[in-house]
Amino acid sequence: MKLVKWILLISSTIFVYCMVQLLLAYILKRRLNVETRLKKIQTDDIKKAQQETSSKKLRLSFLHISQSMKTEMNLAGIKLSPEEFVLAWILIAFGPAALSIVISPNIFRSIIIAVIGAILPLVYLRVAINKRRTLFERQLGDALMVLANALRAGFSFQQALANVANDLSDPIGKEFSAVCRELQIGVDVETALMKVVERMNSGDLKLITTAVVVQQQVGGNLSEILDTISQTIRDRLAIKRSIKTLTAQGRISGKIIGGIPLVLLIMITLVNPSYITPLFNTFVGKALLAAGAVMEVLGFIVINKIVNIKF
């Protein structure tokens with residue numbers, strides 16, 4: 001019981017501390033937004049510099065956020081700062097686990113809940129990144145059409161990219177705006193576009209980059225090349241949508257079948273805890289839980305391999 005009390009005390013302390021830090025960060029951010037609106041007479045660059053400086057003040061010194069984590073959060077389009085996201089991550093991991101110990105002091109179950117809480121933010125981050133990349137691929141056909149029309153109207157390639165950045169919404173508008181800024185400071189077209197290719201993991205944009213670079217080296221009608229690539233991308237997206245429709249039943253069946261054991265476990269735990277307690281307290285029960293978790297993961301992997309058709 002002493003160990004349970006210490007775990008509960010530590011978890012509660014971490015939970016309360018993170019909640020206070022998030023609340024303070026929210027209050028400071030609201031104050032920053034008010035001050036920013038009151039200083040509209042300043043230029044956009046000065047505003048941006050002030051916001052970046054103020055946001056650095058909001059960062060918590062005890063948290064070290066890796067550059068890859070910051071890049072992934074920026075790519076996912078999460079509006080929280082990296083420090084706030086990590087604090088929320090800690091809350092999700094420790095909060096439900098501490099509550100589970102309060103309701104029923106079972107260390108094994110609390111560890112499972114903490115592990116699930118630690119994994120969920122990573123899954124959310126990965127899903128958000130994949131969703132943003134998928135949206136980028138869908139917007140690419142329209143972006144090429146705008147780009148080709150701008151080139152026919154007599155704009156330069158950089159001006160045509162600026163039109164795409166201004167006319168289309170995120171994520172492609174934001175990514176092409178970054179390309180335009182890099183071109184303005186002297187970065188070559190291939191390097192600027194390849195950075196977007198790496199961030200978005202886009203084979204279509206890599207093809208476009210190659211076409212643009214070849215056209216700049218040997219000449220040719222870039223607008224017609226972009227029209228051809230745009231039509232190819234639209235055809236590929238149509239095929240992809242057809243495949244997604246044909247495999248919808250398998251994907252939904254996999255999610256339902258995989259989710260039923262988890263839902264039943266949660267429902268029985270809430271409705272009749274004494275009935276499910278041996279599953280957490282006995283060696284056989286823990287072994288069955290571990291075997292079930294392994295089979296769940298293997299089932300998800302196998303079903304995903306079957307329905308995820310690459311072409």
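Visitor: Hi! Is Asp142 buried or exposed, or something in between?
Guide: In this predicted model, Asp142 counts as partly exposed, at 34% relative accessibility.

Visitor: Which residue does the side chain of Asp142 meet in a salt bridge?
Guide: That would be Arg234, with an N to O distance of 3.2 Å. The pair links distant parts of the chain, since Asp142 is in helix α5 and Arg234 is in helix α10 (residues 222–246), 92 residues apart.

Visitor: And how accessible is Arg234?
Guide: Arg234 is partly exposed too, with a relative accessible area of 32%.

Visitor: How many salt bridges are there by this rule?
Guide: The count comes to 5. Let me take you through two others. The side chains of Glu175 and Arg199 meet in a salt bridge at 2.6 Å, N to O. This pair also links distant parts of the chain: Glu175 belongs to helix α7 (residues 172–184) and Arg199 to helix α8 (residues 189–200), 24 residues apart.

Visitor: Buried or exposed, for Glu175?
Guide: Glu175 is buried, because its relative accessible area is 8% and the cut-off for buried is under 20%. Arg199 is partly exposed, at 27%.

Visitor: OK, what's the other one?
Guide: Arg236 forms a salt bridge with Asp204, and their closest N and O atoms are 2.9 Å apart.

Visitor: How accessible are Arg236 and Asp204?
Guide: Arg236 is partly exposed, with a relative accessible area of 29%. Asp204 counts as buried, at 11% relative accessibility.

Visitor: Let me step back to the fold. How many helices and strands does the protein chain have?
Guide: Its secondary structure comes to 13 helices and 0 strands.

Visitor: How much of the chain is buried?
Guide: Buried residues make up 31% of the 311 residues in the protein chain.

Visitor: New topic: holes. How many cavities of 30 Å³ or more does the structure hold?
Guide: The structure holds 1 cavity of that size, and the volume of the largest cavity is about 70 Å³.

Visitor: How does one even find a space like that?
Guide: Rolling a probe the size of a water molecule over the atoms shows where empty space is left.

Visitor: Which helices supply at least two residues each to the lining of the largest cavity?
Guide: Those are α5, α6 (157–167) and α9. Helix α5 gives the most, with 4 residues.

Visitor: You mentioned Leu193. How far apart are Glu182 and Leu193 in space?
Guide: They are 9.5 Å apart, C-alpha to C-alpha, and 11 residues apart in sequence. Glu182 lies in helix α7, and at 18% relative accessibility Glu182 counts as buried.

Visitor: Back to α5. Which residues form the nonpolar patch on the surface?
Guide: The patch is formed by Ile107, Ile111, Val115, Ile119, Val123 and Val127, with about 480 Å² of accessible area together. Taking Ile119 as an example, this residue lies in helix α5 (residues 107–152) and is partly exposed, with a relative accessible area of 44%.

Visitor: Where is Asn201 found, and is Asn201 buried or exposed?
Guide: Asn201 is in the loop between α8 and α9. Asn201 is exposed, because its relative accessible area is 59% and exposed means over 50%.

Note on methods. Residues are numbered from 1 along each chain as its sequence is written. This is a predicted model: local features need pLDDT of at least 70, side-chain atom pairs count only at pLDDT 80 or more; totals for chains, interfaces and linings use all residues. Side-chain values use heavy atoms; hydrogens and water are left out. Patches are made of residues with over 30% relative accessible area and no salt bridge: like charges are joined within 9 Å, nonpolar side chains (Val, Leu, Ile, Met, Phe, Trp, Tyr) within 5 Å. Accessible areas come from the Shrake-Rupley method with a 1.4 Å probe; for residues, only the protein chains shown count as cover. A salt bridge is a side-chain nitrogen of Lys or Arg within 4 Å of a carboxyl oxygen of Asp or Glu. Buried means under 20% relative accessible area, exposed over 50%, partly exposed in between (1.4 Å probe, protein chains only). On a 1 Å grid over the protein atoms alone, a cavity is a set of points where a 1.4 Å probe fits but cannot get out, and a pocket is an open set with protein on both sides within 12 Å along at least five of seven lines; lining residues have an atom within 4 Å of a point. Grid points are joined across faces, edges and corners, and a volume is the space filled by probe spheres set on the points.
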